[in-house]
Amino acid sequence: MSEQPSSLRSLALSERLQSVTEALAGTRTPTEVFQIVLHPALQALSAVAGVVLLVNDMGAGLTVAATQGYAKGEQTLWQTGTLHDFAPTDDALRQRKALYFEHQDALTTAYPDLNAPLGWIAVVATAVIPMVLDDRALGVIMLVFTEPHHFPPEERRFLYTLAGQGAVALDRLQLATRLRQQAVESQTRAETLAAFVTLTEAVGTELDLSVLTLCAQKVMRTFLPELSVSFYVLEDKLWKAVVLSGDIAPQLAQLARAGLPVETPSFVTAVQACGPSFTEHWDTQAQAVAHTESYGAAAFYPYFRQGQPFSMFTAGTQQSRVWTPRDRAMFTAVGRSLGLALERANQTALLQLQNVELTARTQALEGFAELTRDLAVQHDPYALIRRAQDVMLSLLPPGNIVYYERDGAHWRNRVQVGALGNAGLQAFVDAGPRVGATPTLDLPWTTRQPLYQDRYAQGSDTPAELVEHLKAHASLPVVQRREPVGILAVALFEQRTWSRTDRVILETVIASLELALERLEAQTQAIRAQQDASQQRTQAEAMTYLAHHDVLTDLLNRVGLMVKLSEMISAGTPFALFYLDIDGFKLVNDTLGHEAGDTLLQQIAQVLSSALGDEPLVARIGGDEFAAVVGGITEDALCEAVALQVQTALDRPFTVTGRNVYVTASTGIARFPKDGQTSDDLLRNADLAMYDRKRQAKNGWRHYTPDLSEEARTRLMVAHGLRGALGKNEFQLYYQPEIDLESGDVVCLEALLRWFPDGGALVPPDRFIPEAEASGLIVPIGTWVLNTACTQLAVWRRNGFPQLRVAVNVSPVQFVRSDFADTVAAALQRANLEPDALELELTERGVLADLPSVRHQARALQALGVRLALDDFGAGESNLGRLLHLPFNVLKLDRELISTLGDGPRGRQVLRALRTFATSLRLDLVAEGVETSAQLETVRALGCDRAQGYLLGRPAAVWPPGDQPQQNTSEYPSS
C-alpha cells in the first residue's frame, strides 16, 4: 500500500474515529464494542489480526474477550492467563503506556524469554495498547503484522484514542449492567423481606409444622431461587423428609422421603456442630447420598429436643460450589427463626397434652376418693381391687378387667369386673393360664412395668378363636414394697390406641390402689400388733434374759456383768473383780476341735461356780475369758486367797472327748473403790493386770496398779504410731561394723532399725519391736529393712567394698512365714546381689519358739545361699543340741557372756569350749559387746573370728566414716 501524506493520513484516521464514536454510542453488549474497536484498527493499519484481552474481576489475570483475523483454535502468543504469562501486556498495563514493536527483532530483543507456540502466526510487528479509564486498567488491544510496520504519530494517536473510546464504552455497559443487577437485587431483597416477615409472623402464631417449614422454604428460595430446600425428621434412626421443594428430582425426593441413615456424613457433622453446617464442593460419594451429583454445595441446620436431635432444615444449590458470607448469614437467620417456631409449637403441644392429662388425672383421683371412702371399715383387699376396676371401666370404652395373682404354676383369677364375652374364654381364665406361657401377664410381672397393646396379640397366650372379639389390651402390675403382688388385665372390645392420657388414667388408679392396699395392710398389722402384745412381752422377758446371759455356759455375759457391777457400785459395797484368761485353751481348740473347746468351757464354768460359794457372781465375758465378783473384800490378802482358791479348783483334769485335759488361768484383780469408780474402769484395769501377768508368766495372779495403765497407754501410743511410720519415712537404718580379728578389716555391717516418730526423739527398739510383732506390722517393716539394707550394700560394693556383707535381724514372726524365702530372694534380685552377701540373724528365743517351722525355713534359705547367724547366744536357754539340727553359719555370743571374761577363769573356759564347739560345726564365732581393749585381746586370743562392739565402732547412719572409704581398722577407734 502506497504511503499517504501525513496530513491526509491523519484526516482519514480522524474520520474513522468519528465513525467509531458514533457506532460505540449504540452498542448494547461488550462483544459489539470489541468488534467496532478491532475492525477499524485492522483496516486502518493493515494489521493481519487483533485481540482484546480484559483484566478479570480479581485483577490478577487476563481473559481473551474478542479476536479478529484468527482461525478458530489457532495458537497465539496471548492466551487467557495471569498478567505475567505475556510480559508485553503486563508492562503496558503497569506503565499505562502503549508498546510498539515495528519489526520482529524489536519484540525478541525486548523480551528474549518469549516463546512462541507451534503453529502460531508469524508475528513481525506488534502494537500493545492499554485500555485505561480513571487510572483503572480494563485490558489491552493487541495488533499483529506479518511484515515490518512503522507506527507514525498519527497512528499512535489513533490507537490511543480508539482504546480510550473502547474503555469508555465498556465502562458504560458495565455501569448499566450493575444498575440492572442492583434493580434485580433490590427486587429480590424486597421479596425476601416480605417472605421473612411472613415467616416471622408464622413464628408467633402458627403451630402447624408443614406451614412453618413452607414459610422458611419460601424465604430461602426467594433469596436464592436456585436453592432446593427440605425439612427432615429423625424416626427409627432414619432422617425422613416431610417437606421438599418442588425442584427436587423425583428419584432424590423418593429417597429422602424413605429416609437417609442416621450416620449420613453431612447430617452427622451438623449434629456434632450443634448449629448450622455448610458443605462446599459437594461430593456425592463421600456424602453417601445418591442422586445428588448435580449439587455443588449444601447447608444443614439441626434442631434438638431434650438434648437429642429430632429434625433438620437443609438447602442445596446446583449453581455454585461455595457459600458466600451473605448466603450463610441468610440460611442461619432463617434456620434460627424456624427453630424458634418449632420450639414454640412443641411447648404449646406439651401444654395442651398436660391439660388433657390433668383432666384425666383429676377424674382418676376422684375415682380413687370413692375407692378409699370406706377404708376405715373395709378389711378386704379384693374389695378395694374391685372398686379400682370399676373406676377404670367407667373411664374407658366397653370391656372387662381381670385381677390375677400367681399361684404356683398358674395365674388365678381373683377379681373380675365385666363379662369376658366368650364362655370358652371364661373357662380358660378360670382354669388358670400357665405362668411362663402367658406373655401379657408374665412380662409386666417380670419388668414391673405396664404392657400396652394397641392391637391385642390374639393367640399369643390364649387360643385365638376365644379372643377374636378383643381388640386392645393393657396389663398393669400391682406392686407392694417394690415387689409385684398381682396383675390387672384390661381388655377392650373396640380398637384403641393407648394414648398418653389413657396411660395416665390407668397408672394413676393403680398408684392409688397400691397406696390404699398399703394403708389397709398397715391397719391390719396394727390390729395384729395389739393381739400379739402380751406374747411380745413374754418374748421380751426371754430376750432380756438371753441378752444378759451366755448361751453356752448359762453364766452372765459381759452385758449382764456390767449391769451387776453398776448395781453394786451404786450400792457402795466394796468388792473385788477377778478377770481370768484360760491358759492353753487355744491348743485344745486347735487339736481337739471347737466342740471339745465348748465342752471344756462348760466344765470350767461349773468349777468356778462351785469354787466361789453358794451364790457366786461368775460371768463368761469372752471366748476363753471369765470374770468373778466377790463382795466384802477390802484387802489384797483376801483377794489372793480367792485367787488361790480358783487356781486350786482349776488344778484338775478335765475330761474332753475321752481325754484328760489340763488348763490354768492367768488372773487380774481390781478392787472397788480403790482401783476404779465405774464398771468400765474396773473391768479394764482387771484386764490390764491379767495381761501383764500372762505376759510375764502364766498360771498366777496380778493386782492392778496405776503404772499398768500408763504402760498400757504407752503401748497403745506406740502401736498407733507404728501404723503410719513406714508411710511417713520415720524409720532409719544404722550400721555397726563387725571386724575380722585376723586382718582388722570390716567384713560385715549389721543393720539396726531406728524409729524417730514425727522426726522427733528416738524410740528404743525394745519399746516398739514387741508391739510391731504383736500387731503383725513387723512383717512390712522387716521387708523394708531387708530391701533397704540390700540396696545400700549394693552401693557400697560398687564404691570400693566388693567383699562386704550385710547382716539383718529377723523377727520370728516374719521368719516363719511361708513367703519369707521369696521375700529374701526378691530383695537380693532387686539389689543385684549374690545370696552369700546377706546374713540373716535369729535369736535363741526365735529358734526355740517354733523349732519345726524354723528348721524348714532355715533349709529353704540355705538352699537359696543366704548365710544364717544365731544371735545373742548365751542370753537365754542355750541348747547346743538343737543347733545340730539347724544350718547356721555364724554363732554370735551375747554381750553378757563377753562381759564375764574379766571375772575369772571360768568365763574364759566357757568361751574356749564354745570355740571348740563352733569349729567342729564349721561356724564363724563372733563376739558381741566388746567395749574394752582387754576384752578385745581376750576374744582374739581365745580364737573368735570376728568381734563387734562400741570399742570397734558405734552404730551410725553413714558408713564408712569420713569422706574417703577406709577398709583397714587394725588400730581400732576408742568410740
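Reader: How many helices and strands does the protein chain have?
Author: The chain has 31 helices and 32 strands. The model is a predicted one.

Reader: How many residues, and what share of them is buried?
Author: The chain runs to 975 residues, and 45% of them count as buried.

Reader: On to salt bridges. How many?
Author: The structure holds 33.

Reader: Which residue does E102 pair with?
Author: E102 pairs with R156, and their closest N and O atoms are 3.8 Å apart. The two belong to distant parts of the chain, 54 residues apart. E102 is in the loop between β4 (99-101) and α4 (104-110), while R156 is in helix α5 (residues 153-205).

Reader: What about E839? Which partner does it have?
Author: E839 forms a salt bridge with R805, and the closest N and O atoms are 3.8 Å apart. E839 sits in strand β28 (residues 838-843) and R805 in strand β27 (residues 805-809), so the bridge ties together parts 34 residues apart in sequence.

Reader: Buried or exposed, those two?
Author: E839 is buried, with a relative accessible area of 0%. R805 is buried as well, at 17%.

Reader: Which salt-bridge network includes E839 and R805?
Author: The network links E738, E750, R805, E839, E841, R867, K892, D924, E928 and R946.

Reader: Change of topic. Which residues make up the nonpolar patch on the surface?
Author: M543, Y545, L546 and V551 form a nonpolar patch. Together they have about 450 Å² of accessible area.

Reader: Where does Y545 sit?
Author: Y545 is in helix α15 (residues 533-548). Its relative accessible area is 40%, so Y545 counts as partly exposed.

Reader: And T823? Where is that, and what does T823 touch?
Author: T823 is in helix α25 (residues 820-831). Setting aside neighbours within four places in sequence, T823 is in contact with T783 and L786. T823 is buried, at 18% relative accessible area.

Reader: Now cavities. How many of 30 Å³ or more?
Author: There are 5 of them.

Reader: Which residues are closest to the centre of the largest cavity?
Author: Y232, L252, T292, A298 and T314. They are among the 22 residues that line the largest cavity.

Reader: Which helices and strands supply at least two residues each to that lining?
Author: β7 (227-235), α7 (250-258), β11 (297-305) and β12 (308-317) each do.

Reader: Backbone next. Where are cis peptide bonds?
Author: One joins F672 and P673, with omega about 10°. P673 lies in the loop between β23 (664-672) and α20 (679-696). Another joins W959 and P960, where omega is about 0°. P960 is in the segment after β32 (946-947).

Reader: Which residues other than glycine have a positive phi?
Author: C274 is one, with phi near 55°. Q306 is another, with phi near 55°.

Reader: Where do they sit?
Author: C274 lies in the loop between α8 (265-273) and β10 (277-280). Q306 lies in the loop between β11 and β12.

Reader: Last one. Are C274 and Q306 buried or exposed?
Author: C274 counts as exposed, at 57% relative accessibility. Q306 also counts as exposed, at 80%.

Definitions and conventions. Residues numbered from 1 in each chain as written. Predicted model: local features only at pLDDT ≥ 70, side-chain atom pairs only at ≥ 80, totals over all residues. Heavy atoms only, no water. Salt bridge = Lys/Arg side-chain N within 4 Å of Asp/Glu carboxyl O. Helix = DSSP H or I, 4+ residues; strand = E, 2+ residues; numbered from the N terminus. Buried < 20%, exposed > 50% of the residue type's maximum accessible area, 1.4 Å probe, protein only. Patch = residues over 30% accessible without salt bridge, like charges linked within 9 Å, V, L, I, M, F, W, Y side chains within 5 Å. Areas by Shrake-Rupley, 256 points an atom, 1.4 Å probe, with all protein chains shown as cover. Contact = heavy atoms within 4.5 Å. 1 Å grid on protein atoms, 1.4 Å probe; cavity = no way out; pocket = protein on both sides within 12 Å on 5 of 7 lines; lining within 4 Å. Points joined across faces, edges and corners; volume = space filled by probe spheres on them.
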